[in-house]
Amino acid sequence: MLTILISILTAQADELIISKTWEASPTIQICPESNVTKKEIETALDYWQDEVNFNYKKIVHVDSCEQRINNTIQVTDSSEIKNPDQLALTTVSSYYYPKVDPQAKEKFIEYSRVRIPVDIKSQRQHVITHEIGHAIGLEHSNHEIMKSHL
């Protein structure tokens, strides 16, 4: 009985909370002001591919990052973060089909913007993977990467 209870509690502690999904695989844009490398993003995306079967089209460096480009995850610096207590920040714009799903149980991601400070050193890959997790629709949970704090 105790073994079953421990197994149930352990399974729940590592659960990922998926609140939104992408209808189509997004393109990842690395904005010019970001110092996040393509390799760091690939590492994060490989992790989420293994965990939740997330797929993307491609990763590209761009000359400028216009906000609100549909079906895109943009990775930029932290200049847009206003709260000094936030280490990094991801915003996600989503939509749903009200005629098909009036209670909006299934939300789809329109675009995401990931803000990673250029001077972050400590647990850098963890922070990048965590923020990419938000960009693909994951919420904070007890999962090792998606905890709300380091």
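Biologist: Which residue in β6 is the bridge partner of Ile73?

Modeller: Ser112 is the bridge partner of Ile73 in β6. This is a predicted model, in which local features need pLDDT of at least 70 and side-chain atom pairs count only at pLDDT 80 or more, while totals for chains, interfaces and linings use all residues. Residues are numbered from 1 along each chain as its sequence is written, and side-chain values use heavy atoms, with hydrogens and water left out.

Biologist: What makes β4 and β6 a pair?

Modeller: Two strands pair if DSSP finds at least two bridges between them. β4 and β6 have five bridges, in the parallel sense, so they count as paired. Strands here are DSSP runs (E, at least two residues), and helices are runs of H or I of at least four, numbered from the N terminus.

Biologist: Why are β3 and β5 called edges of the sheet?

Modeller: The open sheet has five strands in the order β3-β2-β4-β6-β5, with mixed pairing. β3 (59-61) and β5 each have a single partner strand, so one side of each is left without a neighbour in the sheet.

Biologist: How do you know that α3 packs on the sheet?

Modeller: α3 touches β4, β5 and β6, where contact means heavy atoms within 4.5 Å. The direction of α3 makes about 15° with that of β5; axes are lines fitted to C-alpha atoms, for helices over the stretch in contact, and angles run from 0 to 180 degrees between N-to-C directions.

Biologist: Why is the contact of Glu139 with Lys20 called a salt bridge?

Modeller: The term requires a side-chain nitrogen of Lys or Arg within 4 Å of a carboxyl oxygen of Asp or Glu. The closest N and O atoms of Glu139 and Lys20 are 3.6 Å apart, so the pair qualifies. Glu139 lies in strand β7 (residues 138-139) and Lys20 in the loop between β1 and β2, so the pair ties together parts 119 residues apart in sequence.

Biologist: Is Lys20 buried or exposed?

Modeller: Buried means under 20% relative accessible area, exposed over 50%, and partly exposed in between (1.4 Å probe, protein chains only). Lys20, at 17%, therefore counts as buried, whereas Glu139, at 31%, counts as partly exposed.

Biologist: What links Arg113 and Glu80?

Modeller: Arg113 and Glu80 form a salt bridge, their closest N and O atoms being 2.7 Å apart. Arg113 lies in strand β6 and Glu80 in the loop between β4 and β5, so the pair ties together parts 33 residues apart in sequence. Arg113 is buried at 5% relative accessibility, and Glu80 is partly exposed at 25%. Glu80, Arg113 and Arg115 are linked in a network of salt bridges.
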